Amino acid sequence: MSLGVQVKLNALLRKYALEGKAEFPLQITEGCTIEDLIAQLGIPPSQVGFATVNLKYTPRSRTLEKGDQVILFPPLTGG
Amino acid sequence: MLQGYAGRMLFVDLSRGKIQEEPLDVEMARNFLGNYGIGAKVIYDRQKGHVDPLGPENTLGFVTGPLVGVRVPFGIRTVVVGKSPLTGTWGDTSSGGGFARELKKAGYDAVFFTGISEKPVVLWASDGQAKLRPADHLWRLDTTQTEEALRKELGDRRVHIVSIGSAGEKCSLIACPIIDQYHAPGRSGLGAVMGSKRLKAVVARGTQEIPVADGERLQKITRQAMQAMSAHIRSDPPEISKYGTCGGTAASVFSGDCPVKNWAGVGEEVFKTAERISDESVIAYQVRKDSCPGCPAACNGIVRVESGPYAIQKAAKPEYETLGAFGAMLLNDNLESIIWCNHICDRYGLDTISVGCTIAFAMECYEKGLITQREADGLDLRWGNHGAIVALTEKMARREGFGVVLADGAKVAAERIGRGSGAYAMHIHGQELPMHDPKFAQPRGWPLGVAYQTDATPGRHTVSTEDLGRAYNATGMCDIGQWSFRESVGRDKLGELLLAVTGVEYSPEELKAVGGRIGCIRQAFNLREGFSPPDFRMPDRVTGHPPFQTGPLAGVSLDMDALVREHFQSMEWDPETDRPSRELLERLGGLEEVITDLYGGCERGD
């Protein structure tokens with residue numbers, strides 16, 4: 001069974017955006033984790049620093065649910 | 001003698017115009033490695049407590065480390081040390097550029113200044129000789145003009161220079177020295193100390209090779225390290241080699257890492273247009289990459305603004321901290337104005353973090369009705385008004401009009417303005433906070449809240465709260481190099497590198513002891529000044545009291561008392577008094593003066 005989630009790719013991850021849009025709906029399979037979603041989008045895992053689901057920081061092992069809003073961030077730098 | 005060091009230090013008494021050369025104390029170098037380690041040891045031993053930071057007794061040091069000038073990639077850091085006029089505490093600040101390498105090749109591991117010169121002077125250190133030169137003709141020149149004049153009169157384009165602009169000359173408490181035009185050891189207000197001493201610049205030129213213990217082994221290690229590190233800095237995110245530190249600005253804003261609107265807001269909700277001052281938007285202005293000497297990452301860049309009110313042919317690419325302070329903190333997405341403000345700060349010698357944060361303070365005061373447009377010289381200090389931001393930066397740099405009120409940072413500005421404005425001055429012990437929110441970092445294992453509040457230099461983000469991290473910092477390797485080395489070569493491999501350079505075998509435990517000594521002696525400096533734990537507190541807004549209701553940091557509050565207590569206990573420091581335990585000091589060794597001062601009936605100090 002597939003579920004619909006909303007994905008947003010932040011900053012330097014925009015280059016992996018589908019059809020050039022940083023924010024897009026995505027169909028995933030039931031039981032899909034954030035880690036699986038990163039793989040589905042073809043993003044090397046090291047390119048992702050952290051993720052939020054529904055604006056809360058969460059580990060990549062979290063299983064996604066229908067309607068979740070996922071935001072992926074690249075690793076951060078200092079200055 | 002230890003290898004990997006120039007083997008000599010300079011002590012300059014500016015009141016008497018005397019220069020004294022001393023051999024590097026080998027035991028000190030083994031115990032404290034270099035940079036802020038040696039800087040803290042020298043100043044702690046030779047300076048009494050409670051001196052006026054802008055008076056003749058304050059010692060100002062420029063210190064290198066053992067990995068500087070020995071062909072170790074990223075070994076370029078200059079550390080500036082002294083009692084900070086901004087915080088009244090121990091102050092250290094560091095930067096890239098070519099000065100440290102050149103000073104070492106000129107024959108000196110460090111140079112320390114005391115006294116006050118009657119007239120402006122420059123110290124010229126070249127191949128084993130040092131002398132003071134008159135600098136009346138350079139006073140009032142900006143840092144770029146000063147460098148150009150010095151290169152011309154010395155007839156050598158290859159000199160490396162640390163100088164101050166008029167902000168330092170006028171002892172602005174947020175003034176900093178500038179190295180090689182674009183590199184700012186920005187924190188702690190040590191540019192004001194240079195100005196107070198009438199020390200316009202230090203110039204170095206050297207051709208001597210620094211001896212290393214095992215050149216062949218060093219070459220092998222550095223080659224292997226570079227292979228491992230090059231993928232890391234070139235292609236792994238955040239793509240330091242491509243963007244420098246500006247690559248993560250938008251991500252930092254959206255994630256809650258970067259403070260927004262004087263720390264009163266957070267995330268995309270408040271600053272939607274952060275991408276206009278981040279990554280591709282910034283390098284669109286870049287005309288060429290730039291680097292510290294011999295650096296493979298080349299994280300710096302030269303930018304050009306072709307036209308408009310902020311047109312400029314050549315300026316430094318703004319770093320992340322500058323983009324945060326002049327951008328997110330002020331809700332300013334006009335990148336060209338940020339490039340201009342960065343340029344002004346480089347020319348006049350000002351810390352971009354402190355200037356941006358002080359303007360954020362002024363904008364919030366204006367919003368709250370504590371400052372009128374008339375008091376602000378007619379400027380409309382609305383959030384995001386880039387014209388007013390630029391005008392205020394220039395006024396602060398020149399110490400003119402309303403800039404006089406702001407030129408010594410947010411804490412002093414709040415004291416001058418009164419009317420309850422102190423509630424909007426976001427600083428710790430006088431130092432404006434850097435562009436990383438501890439509410440974001442601390443829960444993710446990056447203990448910035450603890451660092452801001454417990455490091456001897458309050459409010460610094462490029463410091464380590466761990467002993468091994470302090471040892472890394474003392475080598476002279478820059479932050480990007482340290483990070484890449486730890487990630488791609490291995491955090492326990494530093495000992496191998498130091499063995500090849502110095503000939504000294506540092507076990508992981510010994511490196512931690514080096515870091516432990518550095519932490520303790522800097523702490524002892526502050527204790528001697530009479531500071532205690534309650535003196536160091538971040539504003540409630542910064543620690544999340546009350547927490548944000550929305551955004552990525554919603555509901556996050558830091559219990560700083562508990563975090564600091566836990567940190568001190570892990571360090572074997574007393575959480576009530578801040579004192580490192582006697583047992584710890586004895587076990588670390590090399591801290592006899594500190595033990596005497598803290599536990600043995602001190603006769604030194606005040």
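Modeller: A search of the whole structure, which is a predicted model, finds 46 salt bridges over all chains. Side chains of opposite charge can pair when their charged atoms come close. A few of these pairs are taken in turn below.

One of them joins R522(B) and D92(B), whose side chains meet with an N to O distance of 3.0 Å. R522(B) and D92(B) are both buried.

Another salt bridge is formed by E364(B) and R541(B), with the closest N and O atoms 2.7 Å apart. Here too the pair links distant parts of the chain: E364(B) sits in helix α13 (residues 352-367) of chain B, R541(B) sits in helix α23 (residues 540-543) of chain B, and the two are 177 residues apart. E364(B) has a relative accessibility of 2% and therefore counts as buried, where the cut-off for buried is under 20%. R541(B), by contrast, has a relative accessible area of 22% and is therefore partly exposed.

A pair within one helix is E415(B) and K411(B), both in helix α16 (residues 410-417) of chain B. Their side chains meet in a salt bridge at 3.3 Å, N to O. Because E415(B) and K411(B) are 4 residues apart in that helix, about one helical turn separates them. At 55% relative accessibility E415(B) counts as exposed, because the cut-off for exposed is over 50%. K411(B), at 32%, counts as partly exposed.

By class, the side of chain A that touches chain B has 9 nonpolar, 6 polar and 3 charged residues. In this interface, 18 residues of chain A are in contact with 28 residues of chain B. The area buried between the two chains is about 1900 Å², of which carbon and sulfur atoms give 57%. The count of residue pairs in polar contact between chain A and chain B, both residues at pLDDT 80 or more, is 5.

Definitions and conventions. Residues numbered from 1 in each chain as written. Chains lettered and ligands numbered in written order. Predicted model: local features only at pLDDT ≥ 70, side-chain atom pairs only at ≥ 80, totals over all residues. Heavy atoms only, no water. Contact = heavy atoms within 4.5 Å. Buried area = accessible area lost by both parts, 1.4 Å probe. Polar contact = N/O pair within 3.5 Å; in protein donor to acceptor, adjacent residues only side chain to side chain. Nonpolar A, V, L, I, M, F, W, Y, C, P; charged D, E, K, R; others polar. Salt bridge = Lys/Arg side-chain N within 4 Å of Asp/Glu carboxyl O. Buried < 20%, exposed > 50% of the residue type's maximum accessible area, 1.4 Å probe, protein only.
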